[in-house]
Amino acid sequence: MALTLSAIASSNLFRRTLPIVGAFCVLTFGLSNLSVPFTNTGFAHSLPFAPLFRSKLSGERRSTSVSRIRMEASNKIVPSIVVYVTVPNKELGKKLAGSIVKEKLAACVNRVPGVESVYEWQGEVQTDSEELLIIKTRESLLEALTEHVKANHEYDVPEVIAMPIVGGSPQYLEWLKNSTRDE
């Protein structure tokens, strides 16, 4: 029995899989590589996210101000990182985030509640509700930040994972530099 296109499109499997495939494509290829075929009609230009897309049909070129701004491009910017730290509850998250910013170990800490972590600890799989701290700081402060987290955390082995910031808003990155200690 041959499946029709409408039967496939209306199937539950297709409806559940399509958002995952779409998200995978955006994460893999990036928004800047997507082509928006309706930009010639003017419709896409009215959308608030239209600048995120590059249309191959309209012949628009990305200006240098929109292209990625590298960290090395400015002497006002220092090598910066994003650090992830998980905490067991809201109270510790608030306390730790406040002490990190007060000590100028980071310019900003975002607290993300409702994270569920699944991990192996002492030979057993564990599942815990946690809060995630997303910390923006200088690369040179990672060691001091790690020691501060260890000294003020309830876990024997707290998560401290750092990733480089390879570009971004020069004004934000300059603010990050000016809001943290020199070390």
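Is Gln122 buried or exposed? Select Gln122 to find out: with a relative accessible area of 68%, Gln122 is exposed (buried means under 20% relative accessible area, exposed over 50%, partly exposed in between, with a 1.4 Å probe and protein chains only).

This is a predicted model, in which local features need pLDDT of at least 70, side-chain atom pairs count only at pLDDT 80 or more, and totals for chains, interfaces and linings use all residues. Residues are numbered from 1 along each chain as its sequence is written, and side-chain values use heavy atoms, with hydrogens and water left out.

**Whole chain**

Colour the protein by secondary structure. It has 5 helices and 4 strands (helices, H or I with at least four residues, and strands, E with at least two, are DSSP runs numbered from the N terminus). Their pattern along the sequence is α-α-β-α-β-β-α-β-α. Of the 183 residues in the protein, 26% are buried. Now show the surface: the protein exposes about 12,600 Å², and 58% of that comes from carbon and sulfur atoms (accessible areas come from the Shrake-Rupley method with a 1.4 Å probe; for residues, only the protein chains shown count as cover). Among contacts with a separation of 6 or more, 65% are between residues 24 or more positions apart (contact means heavy atoms within 4.5 Å).

**Two loops**

Return to Gln122, which sits in the loop between β2 and β3 (124–138). Its phi is near 50°, a positive value in a residue other than glycine. Next select Lys104, in the loop between α3 and β2. Phi of Lys104 is also positive, near 60°. Lys104 counts as partly exposed because its relative accessibility is 41%.

**Helix α3**

Step back to Ala97 in helix α3 (residues 90–102). At 9% relative accessibility, Ala97 is buried. Show its surroundings: apart from neighbours within four places in sequence, Ala97 is in contact with Val109, Arg111 and Leu133. Then draw a distance from Ala97 to Cys108, 11 residues apart along the chain; their C-alpha atoms are separated by 8.3 Å.

**Second largest pocket**

Select Thr86, Ser117, Tyr119, Trp121, Glu130, Tyr155, Asp156, Val157, Pro158 and Glu159, which line the second largest pocket. On a 1 Å grid over the protein atoms alone, a pocket is an open set of points with protein on both sides within 12 Å along at least five of seven lines, and lining residues have an atom within 4 Å of a point. The volume of this pocket is about 300 Å³ (grid points are joined across faces, edges and corners, and a volume is the space filled by probe spheres set on the points). Strand β2 (residues 108–121) gives the most to the lining, with 3 residues. Colour the lining by class to see 5 nonpolar, 2 polar and 3 charged residues (Ala, Val, Leu, Ile, Met, Phe, Trp, Tyr, Cys and Pro count as nonpolar, Asp, Glu, Lys and Arg as charged, and the others, Gly among them, as polar).

**Helix α5**

Finish at helix α5 (residues 170–178), where Tyr172 and Trp175 lie 3 residues apart, about one turn of the helix. The structure holds 1 aromatic pair. The ring centres of Tyr172 and Trp175 are 5.3 Å apart and their planes are at 50°, so the pair is tilted (rings of Phe, Tyr and Trp, its six-membered ring, pair if their centres lie within 6.5 Å; planes under 30 degrees apart count as stacked, over 60 as edge-to-face and the rest as tilted). Tyr172 is partly exposed at 35% relative accessibility, and Trp175 is partly exposed with a relative accessible area of 38%.

Methods:
1 Å grid on protein atoms, 1.4 Å probe; cavity = no way out; pocket = protein on both sides within 12 Å on 5 of 7 lines; lining within 4 Å.
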